[in-house]
Amino acid sequence: MGSYATLTVPTPELMRRLGRDLAALLRPGDLVLLSGELGAGKTTLTRGLGEGLGVRGAVTSPTFVIARVHPSQVGGPPLVHVDAYRLGGGLEEMDDLDLDVSLPESVVVVEWGEGKVEELSEDRLEVRIERTLGGDAPAADDDSDPRRVVLCGVGRRWDGADLSVLDR
């Protein structure tokens, strides 16, 4: 059955904090699929995950390298950050990256992975980030552009997981 939560995240700093909080729930072997339009906050969330996992290196969008590994500085799992946007071939191209080899001992975060990497693991956390104002809505006076974040745990790994603890 998995688990499910919907959160409203009003600012980029709170998106980073959500990533840090989410990192506390993750363990080696976890696959996190991030989806959402360009600029929705996928890399910001991943930056917070990296901070929470205590990994080395600046977490930036891996668009031009496709995948970047951030080793842990605190004895935890490394963070493998993948941008699957330009991978048209799906799993075949993902296999070339040898991600399945690092999956058992890493936390693997895949941006734009929907429909491409689900077969890497029966268990995964799907995170969809949506703008709540819509693309053409004018920015509020305080320049806020809140996001709606939907987390859905798939597979036995996430059965009974309480994702609502992230809503703070």
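Student: Let's start with the sheet: what is the order of its strands?

Tutor: In general, strands of a sheet pair through backbone hydrogen bonds, either parallel or antiparallel. Here the pairing is mixed, in an open sheet of seven strands ordered β1-β7-β6-β2-β5-β4-β3. Strands are DSSP runs of E with at least two residues, helices are runs of H or I with at least four, and both are numbered from the N terminus. Two strands pair if DSSP finds at least two bridges between them.

Student: Which strands stand at the edges?

Tutor: β1 and β3 (67-70) do, each with a single partner strand, so one side of each has no neighbour in the sheet. The twist from one strand to the next averages 15°.

Tutor: Before we go on, a word on the source: this is a predicted model, where local features need pLDDT of at least 70 and side-chain atom pairs count only at pLDDT 80 or more, while totals for chains, interfaces and linings use all residues. Residues are numbered from 1 along each chain as its sequence is written, and side-chain values use heavy atoms, with hydrogens and water left out.

Student: Where do the side chains of a strand go?

Tutor: In a regular strand they alternate between the two faces of the sheet. Take β2 (residues 31-35): Leu31, Leu33 and Ser35 point one way, Val32 and Leu34 the other way, and all are buried. Buried means under 20% relative accessible area, exposed is over 50%, and partly exposed is in between, using a 1.4 Å probe and protein chains only.

Student: Which strands does β2 pair with?

Tutor: Four bridges join β2 to β5 (residues 107-111), and the two run parallel. Leu33 has Val110 as its bridge partner in β5, and Leu34 stands opposite Glu111. β2 also pairs with β6 (residues 124-131), again in the parallel sense over four bridges, with Val32 opposite Leu125.

Student: What about Trp112: where does it sit?

Tutor: Trp112 is in the loop between β5 and β6. Its phi is near 60°, a positive value in a residue other than glycine. Trp112 counts as partly exposed because its relative accessibility is 23%.

Student: Last one: what does Thr6 touch?

Tutor: Thr6 lies in β1 (residues 3-9). Leaving out residues up to four places away in sequence, Thr6 touches Arg148, Val149 and Val150. The C-alpha atoms of Thr6 and Leu166 are 9.5 Å apart, though 160 residues separate them along the chain.

Note on methods:
Contact means heavy atoms within 4.5 Å. Axes are lines fitted to C-alpha atoms, for helices over the stretch in contact, and angles run from 0 to 180 degrees between N-to-C directions.
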